[in-house]
Amino acid sequence: MLTPMDENGRPNWGELEKITDLLISQGLDGLYLLGSTGQGFLLSTEDRMKVAEVVSGVNAGRVPLIVQVGSLTTHTSVQLAKQAETCRVDGISSVAPIYYGPSDGTSSMAMKHYTDIASATGLPFFPYQLGSGGYLGGITGFVEKLIQIPNMAGMKLTTNNLLEISTISYTSQNKLVLFSGSDELMCQAALCGTSGAIGTFYNLFGQECQKVRAAFLEGQVQLASDFMLVFQEMIAEVLPNVWTFLRQAMQLRYGVNIGRPVAPLGNTHKTLEEQRVLAMMDKVIKAAK
């Protein structure tokens with residue numbers, strides 16, 4: 001989920017309530033807070049805690065909530081995890097140690113980081129895997145170590161490597177709930193054992209993507225194929241200016257102002273022509289019908 005920001009680089013609480021209620025009212029299956037899209041790493045600990053409180057309050061138990069609590073230090077991550085538990089969320093997630101260890105989460109340092117966070121609460125834990133890497137003990141050994149972590153429930157897999165997703169899936173022997181973190185492979189990843197998808201563009205096209213993925217699982221392969229090609233094309237076109245695109249698109253479609261991202265995030269992104277934004281949105285929406 002996007003975290004709307006004000007002109008001072010702090011969460012815009014009114015717009016946060018608005019986007020939370022919007023996504024829930026659309027019938028989406030759950031919300032993932034304060035990940036990369038939610039700019040969690042750029043916010044203060046206090047603001048991250050308040051985001052969890054505000055969203056939890058608006059949600060009032062209507063859909064499952066997972067909060068990304070990873071930070072630069074294990075101590076702060078544990079603090080955020082404990083606070084998330086008081087908000088009665090349904091799970092916590094964390095990236096691996098930033099800068100000091102491999103970003104894919106395969107080092108011994110990352111495993112200890114994950115274990116300390118997961119042990120801090122009784123909530124289901126979903127570590128955040130980024131890309132491919134030299135897995136600790138190979139991919140089989142890596143999954144075996146993950147399964148031993150307390151409260152381990154699943155993973156958010158931000159990778160474009162479908163074989164990697166499949167290997168994690170069959171190696172875990174159905175012990176992990178896996179979410180595709182690559183929007184561009186939402187349907188394709190379902191063939192590799194994912195149970196759902198967590199991504200940026202579901203803020204804007206959540207209902208369309210939910211409909212197409214469900215239709216694909218029911219056998220409507222042609223619809224999914226046609227939609228995914230349009231969806232992938234749109235993503236590739238807007239990525240160089242994704243933050244300005246999202247700000248314009250969310251405002252035009254839903255009247256939600258997500259504001260500017262916290263610099264340096266998106267500080268070179270250019271405003272697109274309104275007609276171009278509308279045309280891209282319309283193409284994706286029509287492809288889902």
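Begin with the lining of the second largest pocket, whose residues divide into five nonpolar, 10 polar and four charged. Here Ala, Val, Leu, Ile, Met, Phe, Trp, Tyr, Cys and Pro count as nonpolar, Asp, Glu, Lys and Arg as charged, and the others, Gly among them, as polar. Select T244, R247, G259, R260 and P261, which are the closest to the centre of this pocket among its 19 lining residues. The volume of the second largest pocket is about 320 Å³. A pocket is an open set of points on a 1 Å grid over the protein atoms alone, where a 1.4 Å probe fits, with protein on both sides within 12 Å along at least five of seven lines; lining residues have an atom within 4 Å of a point. A volume is the space filled by probe spheres set on the points, which are joined across faces, edges and corners.

The model is predicted: local features need pLDDT of at least 70 and side-chain atom pairs count only at pLDDT 80 or more, while totals for chains, interfaces and linings use all residues. Residues are numbered from 1 along each chain as its sequence is written, and side-chain values use heavy atoms, with hydrogens and water left out.

Next, select P264, in the loop between α9 (242-254) and α10 (274-287). Helices (H or I, at least four residues) and strands (E, at least two) are DSSP runs, numbered from the N terminus. A cis peptide bond, with omega of about 10°, joins A263 and P264. A60 is not a glycine, yet its phi is positive, at about 50°. Most residues other than glycine have a negative phi, and most peptide bonds are trans.

The tour continues with pairs of helices. Select helix α7 (residues 202-217) and helix α8 (residues 221-238), which pack at about 155° with their axes 8 Å apart. Axes are lines fitted to C-alpha atoms, for helices over the stretch in contact, and angles run from 0 to 180 degrees between N-to-C directions. The angle therefore makes α7 roughly antiparallel to α8. Angles under 35 degrees count as roughly parallel, over 145 as roughly antiparallel, 65 to 115 as roughly perpendicular and the rest as oblique. The contact (heavy atoms within 4.5 Å) includes F205 and F216 of α7 and F227 and F231 of α8. By class, this contact of α7 with α8 has 12 nonpolar, no polar and one charged residues.

Now select helix α3 (residues 74-86) and helix α4 (residues 108-119), whose axes come within 8 Å and cross at roughly 30°. Helices α3 and α4 are therefore roughly parallel to each other. Their contact is made by T74, S77, V78 and A81 of α3 with H113, D116 and I117 of α4. It has three nonpolar, three polar and one charged residues.

Finally, select helix α5 (residues 138-147) and helix α6 (residues 162-171), whose axes come within 9 Å and cross at roughly 50°. Show I139, T140 and V143 of α5 together with E164, T167, I168 and T171 of α6, which make the contact.
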